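Please look over the sequence and the structure first.

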Amino acid sequence: MDNREAAGAFLRSRRDRITPAQAGLPTYGQRRVPGLRRGEVAALAGVSVEYYTRLERGSLGGVSDSVLDALAHALRLDDTERMYLYDLARAAGPAPATRTRQRADRPTVRPGVARIIEGMPELPAYVVNNRLDLLAANPLGRALYADLYAAPAYGANIPRFGFLHPAARRFYTEWERMGRFTVGALRVEAGKNPHDRELSDLIGELSARSDFFRMLWDSHEVHVFRERTKRFHHPLVGPLELDQEFLDLPHESGLSMLVYSAPPGTAAEDGLKLLANWSAAAGQERDTQSTSEASARQA
């Protein structure tokens with residue numbers, strides 16, 4: 001993934017969205033740019049126009065924290081955007097040869113972590129990585145994302161399912177909102193890990209196959225998962241409005257736990273109970289079928 005191109009495009013996109021009035025600058029005559037000029041950003045950040053121009057061409061390697069802070073202030077970056085700018089600057093430094101375009105090892109889910117999500121049978125629970133692959137799920141989690149798990153070609157990957165699977169537009173009640181937050185989260189990860197080959201390949205695939213993804217990616221928005229509510233329309237139990245929690249696993253490389261829950265006494269709680277009953281019945285049916293097949297082989 002080209003870190004220089006991403007850094008330059010991000011700075012330009014942030015500059016274009018700020019008007020002189022928002023920056024407290026006077027305006028004279030007709031302007032040919034939608035936002036601030038490079039010279040105006042340079043003046044607000046206290047650097048030369050030549051230096052800022054170099055930064056906007058993607059040369060962030062070796063830039064001091066004080067300059068990054070000044071840029072963040074001048075461009076009115078929020079906390080997530082500021083973090084992303086710092087990640088881009090760190091990634092712009094010299095990369096060890098062993099990091100170049102390496103395919104990241106898939107982290108394994110430790111048995112103890114797997115037991116935790118299995119021990120929450122009334123809540124859909126998952127372990128995900130930075131590409132939002134579902135590495136592990138409990139039975140209710142698999143039942144919630146039944147369409148995803150029924151389509152192996154999507155690789156148990158939430159972005160691939162969300163942007164490419166025909167059922168996703170109905171499953172995600174707020175499909176466009178889901179898309180914006182998912183793309184923003186992937187861009188944050190791309191800033192941290194520009195040499196992650198699987199992440200780069202996923203972004204390339206989605207850009208080639210989804211016009212909506214490509215449009216969102218080109219906007220250079222960045223997000224972290226702070227949403228607390230997720231709305232689904234499950235094909236079996238209908239609408240579900242669930243609380244969402246992302247819990248970092250500090251001792252696992254890049255892994256998080258994703259858990260959904262429903263407030264007590266709500267229709268969503270009833271829906272999850274119904275889905276849990278369906279999942280349990282389906283599991284018993286599979287177990288019975290497997291036992292019958294095994295007996296037939298032994299006969």
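The text below covers a pocket, a helix and a lysine in a strand. The model is predicted.

The largest pocket holds about 530 Å³ of space. Its lining is made up of 23 residues, and Glu189, Lys192, Phe246, Asp248 and Ser256 are the ones that lie nearest the centre. Two elements, α11 (175-192) and β4 (238-248), each give two or more residues to this lining. The largest share, 5 residues, comes from α11. The table divides the lining residues by kind.

| Kind of lining residue | Number |
|---|---|
| Nonpolar | 11 residues |
| Polar | 6 residues |

Helix α5 spans residues 79-91, 13 residues in total. From its first C-alpha to its last, α5 reaches 18 Å, close to the 18 Å expected at 1.5 Å a residue. At the start of α5, the backbone nitrogen of Thr80 has a side-chain oxygen of Asp78 within 3.1 Å. Thr80 is also one of the buried residues of α5, which include Tyr84, Leu85, Tyr86 and Leu88. The cover over the buried residues of α5 includes α1 (3-16), α4 (65-74) and α11.

Strand β3 (residues 229-234) contains Lys230. Is Lys230 buried or exposed? Lys230 counts as buried because its relative accessible area is 11%, under the 20% cut-off. Its side chain makes a polar contact with the side chain of Gln244, at 3.5 Å. Leaving aside neighbours within four places in sequence, Lys230 is in contact with Tyr172, Leu240, Glu241, Leu242, Gln244 and Tyr260.

How values were computed:
Residues numbered from 1 in each chain as written. Predicted model: local features only at pLDDT ≥ 70, side-chain atom pairs only at ≥ 80, totals over all residues. Heavy atoms only, no water. 1 Å grid on protein atoms, 1.4 Å probe; cavity = no way out; pocket = protein on both sides within 12 Å on 5 of 7 lines; lining within 4 Å. Points joined across faces, edges and corners; volume = space filled by probe spheres on them. Helix = DSSP H or I, 4+ residues; strand = E, 2+ residues; numbered from the N terminus. Nonpolar A, V, L, I, M, F, W, Y, C, P; charged D, E, K, R; others polar. Expected span 1.5 Å × (residues − 1). Buried < 20%, exposed > 50% of the residue type's maximum accessible area, 1.4 Å probe, protein only. Contact = heavy atoms within 4.5 Å. Polar contact = N/O pair within 3.5 Å; in protein donor to acceptor, adjacent residues only side chain to side chain.
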